[in-house]
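Let us walk through this structure together. Keep the sequence and the model side by side.

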Amino acid sequence: MLIAGSLLAAPGIRAAQIPLKNQPLERENEQNLNMKRYVAAGDRAYVVGVQDGSQVPAVSLNPNGIGWHITGQMGGVWAHPIKLLNQFQFFLNGNLLPAATKFVSGEGYVRLELPPTNGLAISETQFAPDGLPVVLIGVQLSNSSPGDTSFTLAIQAESELIPAYPWSGTTPTSESLHLQDQVSFDSTLGALQFLQPAQPALSRAAWYALVGAALDPQDHQTGFQPLGPSYPLNTSKHNGATGALSFQVNLKGKSSTTVWFAIAGSNVDESEASGALTTGLASPDELLSEKISGRQNVLSQAQIRVPDTDIQAAFDWGKLNLADMQRTVRDMMVRDTKEGTVYPSPLTPTFSVLSGFGAGYPDYPWFFGTDGAYSTFSLSAIGQWQEAKNHLATIRQVSQLVNGSTGKVLHEIVTDGSIYFGTNAQDGDVNETAEFATAAATLWRWSGDDSVRDDNYDFIKAGLSYITSKLVTANLNPDGWPEGAGMVEANGMGAVKLDVAVYTIRALNDLAEMANSKGDTATSKMATTQAATLLSKFRPDWWISSQGLFADSLGLSQAVPTDPTATLGSGPGYSQLEQLYWINATPMETSFALPADAATVFPQLESSTFTGTTGFYQQGQSLPAIQGSRQASAVNTGVMAIAEANYGRMDQSLRYIEFVADELDVEQPGALPELFPSPDYSYFSGGNPFGGAMVMQAWSSYGIHWPLEALYLGIKPDAPAKTLAVVPDLPDSWKELSINNLHVGSDQIAVSVKRAGINYVTTVSAPAGWSLTIGYTFPVNTQIKSVRLNNSPAAFQIVNTNRGEEIHVPTNSGGTQQVRIQAK
């Protein structure tokens with residue numbers, strides 16, 4: 001159906017003042033745009049596409065589309081918990097706009113620059129304003145000729161109104177539940193309206209997607225055929241609808257304008273979708289300015305100055321990535337799918353609003369326990385506290401609904417409320433219950449917000465009690481290590497995992513500290529004793545002296561795994577399995593390894609068995625017995641960066657930080673990815689370049705933000721107690737490092753460290769009210785000639801730690817405090 005509409009001249013077009021060309025923080029790409037994905041995200045909506053401007057990759061390059069949870073459907077426009085559009089395309093005078101030749105990532109937006117067409121310079125700016133389920137696209141058109149020009153600009157849209165769950169491999173499948181989308185033209189809004197009918201039997205309301213522009217359309221068209229030849233052919237079922245809107249544009253000579261388009265939607269009701277569309281199109285330029293301003297505010301916090309441009313960029317863009325991970329969903333209905341085998345009626349109550357952050361785009365945009373824990377270290381250090389607090393609350397509330405009073409943390413919470421893994425009936429992931437405690441404690445120490453401790457305290461107590469009692473087979477597991485899956489998702493391991501063990505000890509110490517602060521002496525004593533008991537048994541149970549490594553896992557005394565790739569050691573009462581997994585670094589990440597053992601382990605982990613030219617492998621390789629997965633991963637590599645720094649190996653730590661930073665632009669410029677190019681993982685050649693690892697991953701910042709602040713600058717706050725230690729340690733190649741506008745408690749502080757020859761200067765600027773410890777970390781047996789505080793001789797302590805010998809000078813905050821140390 002084709003219906004004539006009103007014709008608007010150029011003065012009626014909303015022309016945004018887009019100050020994008022000269023933004024101070026942009027990164028660009030001009031290579032292989034048709035093989036690289038991107039995301040432009042807000043907390044309610046986002047778009048995932050291909051950098052040449054398509055949302056669906058060409059069949060010749062990839063017939064499977066983007067993503068694998070729902071085959072080929074993880075790209076496009078989403079307003080979680082639902083997808084809105086599979087793709088949208090723009091046409092000029094009836095011809096599809098050419099592919100972009102340059103892609104730019106900016107502060108909260110992306111820009112696609114197209115080759116000149118019909119005498120016009122064209123670019124697309126895409127962004128999603130926070131707080132609204134809408135994506136806005138500004139098509140900027142510049143007429144370089146002196147004469148006026150007139151043309152038709154059209155948008156074609158293809159809906160795909162499906163929820164984030166079920167997936168293509170679950171029971172039921174996503175495809176089997178997708179009814180035919182309906183499409184119509186809303187004359188009041190001047191927009192296309194796509195509708196997925198309600199399904200009361202599944203407790204589903206009707207879902208809506210709207211596509212409109214800041215113009216009245218001249219024509220509109222609706223139908224049910226896929227757009228163009230590039231739609232992925234192997235999708236088992238496609239029930240989307242199509243529609244098009246066209247607009248007449250008159251443009252004077254030597255002038256430019258921007259036509260704004262909006263894609264909005266809702267899983268709640270039509271009014272939310274129409275409200276988002278109307279609000280987005282009423283003031284897109286102001287919303288873009290607000291978006292940029294918000295992201296610049298993110299950058300203004302924790303302003304570090306690093307003597308390495310690549311690491312500096314990774315630190316800054318990592319902050320923006322974490323802001324882009326924010327996710328708010330409405331009307332979450334929780335279902336336990338029992339690992340995708342059932343689709344039951346939802347539990348009660350329904351959560352009206354939940355917030356947190358997704359793990360990665362495009363296939364992990366929902367909530368995870370593990371990802372949340374690692375990312376909370378970064379969020380705490382860079383001042384994005386509310387995002388972390390929201391995430392902890394979401395994980396806690398949904399876990400309590402599903403797992404009751406056990407305190408066990410769910411692994412994976414899809415945005416529609418579907419639970420895939422992590423219930424009481426499943427054996428993992430046990431590490432997440434322990435890591436949740438540490439995440440809450442870390443955020444509490446940095447923010448000083450006692451509600452973080454208090455809101456999560458009972459949940460943490462219950463969870464640690466559960467994993468250290470109910471998940472221990474007493475007659476087979478005499479030392480009490482929690483049993484169940486950990487970070488390594490692999491068969492053939494023993495019942496007890498190394499990462500679970502060390503994260504549990506750390507979590508018990510965190511609980512003891514929180515309990516002590518609350519005056520809960522019984523819990524503090526219990527947790528302290530239990531942590532000390534496990535730590536006393538750690539080396540005897542886990543250390544394999546013949547290999548100079550820790551066991552990856554322990555087989556219980558009467559249940560020895562039979563994996564032929566495992567090397568067996570003999571621990572007291574356990575079978576020690578060594579399969580060369582990356583978790584061998586976690587005893588050093590948590591500082592529980594003895595320095596002598598760490599010194600033995602590190603050279604092996606740094607060797608080509610575990611570490612390649614781009615990062616730390618998922619699993620080492622020792623042929624012929626162990627042919628490990630030599631995929632270099634961001635979180636593994638970050639763990640190594642922290643582990644090395646925990647033992648004063650700063651030059652080696654820097655190597656792993658550089659690995660992470662070097663991948664900042666591997667796919668989307670300015671996005672830290674999940675995996676790195678490595679022997680067993682390749683981007684852009686063969687296989688499925690659009691269906692593998694995440695283009696942007698939340699926990700990838702862990703190996704950047706945390707080591708630089710907590711270990712290189714040595715910042716250790718206890719905001720509730722108003723104590724702050726700053727004891728830096730720099731790599732030999734760095735002579736200085738500083739940070740400003742660092743949020744600690746209710747204050748902002750600044751820290752700098754400089755070294756020149758035998759002279760070391762640490763400076764802290766902080767408001768009055770803090771008990772300070774300032775110093776520097778030296779190798780063991782370093783001779784100290786003098787220590788001065790604010791140019792006066794100062795009393796100091798030499799404190800032996802895993803990092804080395806730390807010089808501690810006690811003082812109080814107020815203004816600027818400076819410690820100068822001269823070594824002999």
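E35 and E36 form a hairpin with four residues between them. In the turn, Lys722 has a positive phi of about 60°. The elements are DSSP runs numbered from the N terminus: helices are H or I with at least four residues, and strands are E with at least two. This is a predicted model, where local features need pLDDT of at least 70, side-chain atom pairs count only at pLDDT 80 or more, and totals for chains, interfaces and linings use all residues. Residues are numbered from 1 along each chain as its sequence is written, and side-chain values use heavy atoms, with hydrogens and water left out.

E35 and E36 run antiparallel and are joined by four bridges; strands pair if DSSP finds at least two bridges between them. Pro717 has Leu724 in E36 as its bridge partner. In a regular strand, side chains alternate between the two faces of the sheet. Strand E35 (residues 715–718) has a covered face with Ile715 and Pro717, while Lys716 and Asp718 make up the uncovered one.

Now turn to the aromatic rings. A ring pair is described by the distance of the centres and the angle of the planes. Rings of Phe, Tyr and Trp (its six-membered ring) pair if their centres lie within 6.5 Å; planes under 30 degrees apart are stacked, over 60 edge-to-face, and the rest tilted. The whole structure holds 33 aromatic pairs. Trp481 and Trp542 have ring centres 5.9 Å apart and planes at 80°, so this pair is edge-to-face. Trp481 lies in the loop between helix H8 (450–470) and strand E26 (496–497), and Trp542 in helix H10 (residues 521–542), so the pair ties together parts 61 residues apart in sequence. Trp481 counts as buried, at 0% relative accessibility. Trp542 is also buried, at 0%. Buried means under 20% relative accessible area, exposed over 50%, and partly exposed in between (1.4 Å probe, protein chains only).

Tyr712 and Trp734 have centres 5.6 Å apart and planes at 55°, so their pair is tilted. Tyr712 sits in helix H15 (residues 702–712), and Trp734 in the loop between strand E36 (723–726) and strand E37 (736–744), 22 residues apart. Tyr712 and Trp734 are both buried.

Finish at helix H4 (residues 309–324). 14 of its 16 residues are buried, so H4 is largely enclosed by the rest of the structure.
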